[in-house]
Amino acid sequence: MPSINMCICIKCGCFSCKNTSGERDEKAGAADCVDIMLAILLPPAGIYKKEGCTGRFWANVVLTVLGIAPGSIHAVICISGK
């Protein structure tokens, strides 16, 4: 029985990547509906999913502690503007 290997590409975040140049695919950089919903409901998680643990993530944590609205607005802008 053949084994099925499935892993996430570190370079672009896809499941089966043939991209060896180190650049993200156009499809991988676009924000989809799930990303936007995650940014609205759990703003730091949305940014972490898209960018990792960066300065934008920590800024969003602070904004979310101050209020869910500033955190959500910041997260949607960061996710859709990238």
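Student: How are α3 and α4 oriented relative to each other, roughly parallel or roughly antiparallel?

Tutor: Two packed helices are described by the angle between their axes and the distance between those axes. In this predicted model, α3 and α4 pack at an angle of about 175°, with their axes 9 Å apart. Angles over 145 degrees count as roughly antiparallel, and α3 and α4 are therefore roughly antiparallel to each other.

Student: Which residues of α3 and α4 meet?

Tutor: On the α3 side they are P43, P44, I47, Y48 and E51, and on the α4 side they are R56, F57, N60, V61 and T64.

Student: At what angle do the axes of α4 and α5 cross, and how should I read it?

Tutor: The reading goes the same way, beginning with the angle and the distance. Helix α4 covers residues 55-66 and helix α5 covers residues 68-80, and their axes come within 7 Å and cross at roughly 155°. This pair, α4 and α5, is therefore also roughly antiparallel. Where the two helices meet, α4 contributes R56, A59, N60, L63 and T64, while α5 contributes I68, P70, G71, H74, A75 and C78.

Student: Which residues does H74 touch, leaving aside those up to four places away in sequence?

Tutor: H74 is found in helix α5, and, with those sequence neighbours left out, H74 touches I47, R56, A59, N60 and L63. Of these, I47 is among the α3 residues that meet α4, whereas R56, A59, N60 and L63 are among the α4 residues that meet α5.

Student: How many salt bridges does a search of the whole structure find?

Tutor: The search finds three. One of them joins K49 and D35, whose closest N and O atoms are 2.6 Å apart. K49 lies in helix α3 and D35 in helix α2, so this pair ties together parts that are 14 residues apart in sequence.

Student: Which residues form a nonpolar patch on the surface?

Tutor: M37, I40, L41 and L42 form it, and together they have about 390 Å² of accessible area. Of these, L42 lies in the loop between α2, residues 33-41, and α3, residues 43-51.

Definitions and conventions. Residues are numbered from 1 along each chain as its sequence is written. This is a predicted model: local features need pLDDT of at least 70, side-chain atom pairs count only at pLDDT 80 or more; totals for chains, interfaces and linings use all residues. Side-chain values use heavy atoms; hydrogens and water are left out. Patches are made of residues with over 30% relative accessible area and no salt bridge: like charges are joined within 9 Å, nonpolar side chains (Val, Leu, Ile, Met, Phe, Trp, Tyr) within 5 Å. Accessible areas come from the Shrake-Rupley method with a 1.4 Å probe; for residues, only the protein chains shown count as cover. A salt bridge is a side-chain nitrogen of Lys or Arg within 4 Å of a carboxyl oxygen of Asp or Glu. Helices (H or I, at least four residues) and strands (E, at least two) are DSSP runs, numbered from the N terminus. Axes are lines fitted to C-alpha atoms, for helices over the stretch in contact, and angles run from 0 to 180 degrees between N-to-C directions. Angles under 35 degrees count as roughly parallel, over 145 as roughly antiparallel, 65 to 115 as roughly perpendicular and the rest as oblique. Contact means heavy atoms within 4.5 Å.
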